[in-house]
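Here are my notes on the model you sent. Please read them with the structure open.

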Amino acid sequence: MTLVVTIATAAHQDWLVAHDTEVTDAWVQRCLLQSEYVIAEWQGHPVGFLRYSLFWGKIPFMDMIRVRPEHRRRGVGVALFQHWEALMRDNGATLLMTSAQADEPAPLAWHKRNGFSEAGAVQFGALQTVAEIFLVKDAS
Ligand SMILES: CC(C)(COP(=O)(O)OP(=O)(O)OC[C@H]1O[C@@H](n2cnc3c(N)ncnc32)[C@H](O)[C@@H]1OP(=O)(O)O)[C@@H](O)C(=O)NCCC(=O)NCCS
């Protein structure tokens, strides 16, 4: 069997609630209803997801991408990202956005491998002690 990457459906809700631990169950449900999750399945089982939103209501923003630790470095993350990128281009996007914490070099490096460039840093005061680095990718 091969890796299958699709837009997640209600059938993935329990798995996403268990694995997308940064957000509430209600937010998972909301994103599913908006088709804002891409999911990767290996041999019929979910192994990773990408969750996005729309900055300014129009610029695709990759909020979170996560691959199960035992499935990392096998191309699952890139497959999720490329599926999402193609969908966003098909929907008319000309710019993609994402972000990562300044003290997390691995995700930052990974985003740059996928064509993102640093566009600035924002401090969030008490909400997060380290700066958040924003990255953009030309999708035109
Ligand atoms: C970042 C993450 C999604 C990458 O997923 P992945 O499936 O391991 O990545 P891939 O295997 O598709 O990566 C493809 C390429 O990037 C490389 N790569 C993987 N992780 C990397 C990293 N942390 N830094 C630099 N390069 C990396 C791989 O070696 C591979 O290169 P190759 O084709 O030359 O061998 C995964 O490591 C993860 O879930 N991390 C924890 C959550 C996280 O930090 N998310 C990002 C911020 S929201």
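**Notes on the predicted model**

1. The largest nonpolar core has 22 residues. Those with the most contacts inside it are Leu50, Met62, Leu80, Trp84 and Leu96. The elements giving two or more residues to this core are β2 (37–42), β3, β4, α3, β5 and β7. Helix α3 provides the largest share, five residues. A second, separate core has 10 residues, including Leu16, Cys31, Leu32 and Tyr37. Bear in mind throughout that this is a predicted model.

2. Which residues does Leu80 contact, leaving aside its neighbours within four places in sequence? They are Val5, Val38, Ile39, Ala40, Gly48, Phe49, Leu50, Ile65 and Val67. As a general rule, in soluble globular proteins nonpolar side chains tend to be buried together.

3. Now the helix that carries Leu80. The buried residues of α3 are Val76, Gly77, Leu80, Phe81, Trp84, Glu85 and Met88. Seen down the axis of α3, these buried residues fall within an arc of 170 degrees, so they line one face of the helix. At 1.5 Å a residue, its 15 residues should span 21 Å, and the end C-alpha atoms are 21 Å apart, which agrees. Just after α3, Gly92 has a positive phi of about 100 degrees.

4. Next, the sheet. Seven strands make an open sheet with mixed pairing. Their order is β1-β2-β3-β4-β5-β7-β6. From one strand to the next, the twist averages 25 degrees.

5. Look at how β5 is paired. Strands β4 (residues 59–67) and β5 (residues 95–101) run parallel and are joined by two bridges. Met62 has Thr98 of β5 as its bridge partner. With β7, β5 pairs in the antiparallel sense, over seven bridges. There, Leu96 has Lys137 of β7 as its bridge partner. Met62 and Leu96 are both among the residues with the most contacts inside the largest core.

6. Is β7 mostly covered or uncovered? It is mostly covered: five of the seven residues of β7 are buried. Helix α4 (residues 105–113) lies across β4, β5, β6 and β7 (132–138). Its direction is at about 160 degrees to β5.

7. Helix α2 (residues 25–33) has three residues to check. Val28, Cys31 and Leu32 are its buried residues. They cover an arc of only 100 degrees around the axis, which puts them on the same side of α2. The elements covering them include α1 (13–19), β2 and β3. Ala26 and Leu33 are exposed, on the face of α2 turned away from the buried side. Cys31 and Leu32 also belong to the second core.

8. With a relative accessible area of 28%, Ile7 is partly exposed. Leaving aside neighbours within four places in sequence, Ile7 is in contact with Ser35, Tyr37, Val38, His83 and Leu87. From Ile7 to Leu54 the separation is 47 residues in sequence and 16 Å in space, C-alpha to C-alpha.

9. Finally, some backbone angles to inspect. Most residues other than glycine have a negative phi. Trp56, in the loop between β3 (45–55) and β4, has a positive phi near 55 degrees. Is Trp56 buried or exposed? At 66% relative accessibility, Trp56 counts as exposed. Arg73 is found in the loop between β4 and α3 (76–90), and its phi is also positive, near 60 degrees. Arg73 is exposed, with a relative accessible area of 87%. Just after α2, Ser35 takes a positive phi of about 55 degrees. Ser35 is also one of the contacts of Ile7.

Technical notes. Residues are numbered from 1 along each chain as its sequence is written. This is a predicted model: local features need pLDDT of at least 70, side-chain atom pairs count only at pLDDT 80 or more; totals for chains, interfaces and linings use all residues. Side-chain values use heavy atoms; hydrogens and water are left out. Two strands pair if DSSP finds at least two bridges between them. Helices (H or I, at least four residues) and strands (E, at least two) are DSSP runs, numbered from the N terminus. Axes are lines fitted to C-alpha atoms, for helices over the stretch in contact, and angles run from 0 to 180 degrees between N-to-C directions. Contact means heavy atoms within 4.5 Å. Buried means under 20% relative accessible area, exposed over 50%, partly exposed in between (1.4 Å probe, protein chains only). The expected span of a helix is 1.5 Å times one less than its number of residues. The arc is that of the directions from the helix axis to the C-beta atoms. A nonpolar core is a set of buried Ala, Val, Leu, Ile, Met, Phe, Trp, Tyr and Cys residues joined through side-chain atoms within 4.5 Å.
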